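Here is a short briefing to read alongside the structure. Keep the 3D view open and look up each part as you meet it.

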Amino acid sequence: MGHRANFIILQNQGIDIYYSHWGAISIPRDIFYSPEITINYIKSLKPVETLLDDIWCEGAVLVDIDQKQLLFWGGDGYEYPALRKYLIGLVQINWEGWGVRWAEQGIVDIASYLQIDLSTVQTELDSYHWTSYTGYFKKNLEQHIETIVTVKYNEHLTLDYGFDNYLTELFSLGFDLFEHLEEWHSIALPPEDKVCSGAYFNLPSQEIWVWWGRNADYRVIDKIAEYWQNWKIKRHTEGLLFQVELSGRNEDKIRIDEKKAIKQLIDYVSRENHFHLQQMIDSVLSNYSNQGNIGVWINPDALEHKRPRITSSEKQRILKKVLDKVGR
């Protein structure tokens, strides 16, 4: 149980690594307000010797003070590129003069930046669900669509299909995927902020463009190529808009409204954190209260839940600066 995260500071050619048991889920909010607030927050966390691997690490922040670079990922809901691109722009306002980017490959990008052996943070690709599962093609399945597959069959026919599963499960079907799609139903495209992964198949050119909102390292592309030999496999990070653009269609109908996106992000970073550690622990312990003499061990790290220090007036001042900058 937790939202495990690494935080890293580079300064004077030194590397300091920190750990937070709960910090991953609130990273976009915690790093939003300024480099100084973020650095002070990181230095209050528990120092550790090594990075988490790609199974346990659910978010990370790297602050390179020497080169003025911020590299991060994490947070609930930011697997959707539609929102993330606006988040980066807003963070950039408060991190003026810094390079700000999202770690598309998660902890692998962090390790690569630090020039650490990538094998120390990479585990097997089993966690990416390489299973040739065809249950998603049942006609009576009720879906919560988060994955869009677009297929260009020829110059006159392009269809979109919706799924609620990992793309890798579809890719592992290989060319049998198209036989299943013949029995499936096409859909109208949802708004871009409702989709967190997708793929565009261009049959005439035997080309695949794939994207994930969730972090996934370069080995996934290599794995896809094993199932789709002689096809060109490419990755992008622009979300559903670029997928639609690749198919030669107008993406304006699914584009999220910029004002709506910014309002949603401002609401998120301005509200207080509603995670209450003691309430969570009490809730867990209450489940065992009627089960006799059962011992319960709590990881000491789970009892640590620090937040960035910022006064209400300072927060309002920074939010006003951001709103003035974006013209609201």
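Two parts count as being in contact when they have heavy atoms within 4.5 Å of each other. Helices (H or I, at least four residues) and strands (E, at least two) are DSSP runs, numbered from the N terminus. The model is predicted, so local features need pLDDT of at least 70 and side-chain atom pairs count only at pLDDT 80 or more, while totals for chains, interfaces and linings use all residues. Residues are numbered from 1 along each chain as its sequence is written, and side-chain values use heavy atoms, with hydrogens and water left out.

- Buried means under 20% relative accessible area, exposed means over 50%, and partly exposed is in between (1.4 Å probe, protein chains only).
- In helix 2 (residues 35–43), the buried residues are P35, I37, T38, I39, Y41 and I42.
- The elements that cover these buried residues include strand 1 (5–11), strand 2 (14–20), helix 1 (27–30), strand 4 (60–64), helix 3 (81–94) and helix 11 (312–325).

**The nonpolar cores**

- A nonpolar core is a set of buried Ala, Val, Leu, Ile, Met, Phe, Trp, Tyr and Cys residues joined through side-chain atoms within 4.5 Å.
- The largest one has 59 residues, and F7, L51, V61, L70, F72 and I110 have the most contacts inside it.
- Helix 3 gives this core its largest share, eight residues.
- Another core, of 26 residues, lies apart from it and has F171, L177, I224 and W231 among its members.
- Leaving out residues up to four places away in sequence, V61 touches N6, F7, I8, I27, I31, I42, L70, L71 and F72.

- How many of the six residues of strand 10 (residues 207–212) are buried? Six of the six are, so strand 10 is largely enclosed by the rest of the structure.
- In a regular strand, side chains alternate between the two faces of the sheet.
- Strand 10 is covered on both faces: E207, W209 and W211 are buried on one side, and I208, V210 and W212 are buried on the other.
- Two strands pair if DSSP finds at least two bridges between them.
- Strand 9 (residues 197–202) runs antiparallel to strand 10, and six bridges join the two. Within this pairing, G198 stands opposite W211.
- Strand 10 also pairs with strand 11 (residues 232–235), in the parallel sense and over four bridges. Here W209 stands opposite K234.
- Together, strand 10, helix 7 (residues 219–227) and strand 11 make a right-handed β-α-β unit. Right-handed means that, with the strands pointing away from the viewer, the path from the first strand over the helix to the second runs clockwise.

- Strand 9 and strand 10 form a hairpin with four residues between them, and Q206 in the turn has a positive phi of about 50°. Q206 is partly exposed, with a relative accessible area of 36%.
- Q115 is not a glycine, yet its phi is positive, at about 60°. Q115 sits in the loop between helix 4 (107–113) and strand 7 (147–154). Is Q115 buried or exposed? At 74% relative accessibility, Q115 counts as exposed.

**A buried threonine**

- T150 is part of strand 7, and at 0% relative accessibility T150 counts as buried.
- The side chains of T150 and D160 make a polar contact (2.6 Å). A polar contact is a pair of N or O atoms within 3.5 Å; within protein, one must be able to donate a hydrogen and the other to accept it, and residues adjacent in sequence count only if both atoms are side-chain atoms.

**Salt bridges**

- A salt bridge is a side-chain nitrogen of Lys or Arg within 4 Å of a carboxyl oxygen of Asp or Glu. By this rule the count is 14 salt bridges.
- R84 forms one with E104, with the closest N and O atoms 3.5 Å apart. R84 lies in helix 3 and E104 in the loop between strand 6 (99–102) and helix 4, so the pair ties together parts that are 20 residues apart in sequence. Both R84 and E104 are buried.
- E251 pairs with R255 in a salt bridge whose closest N and O atoms are 3.4 Å apart. E251 is buried at a relative accessible area of 15%, whereas R255 is partly exposed at 38% relative accessibility.
- Salt bridges that share partners join D54, D217 and R219 into one network.
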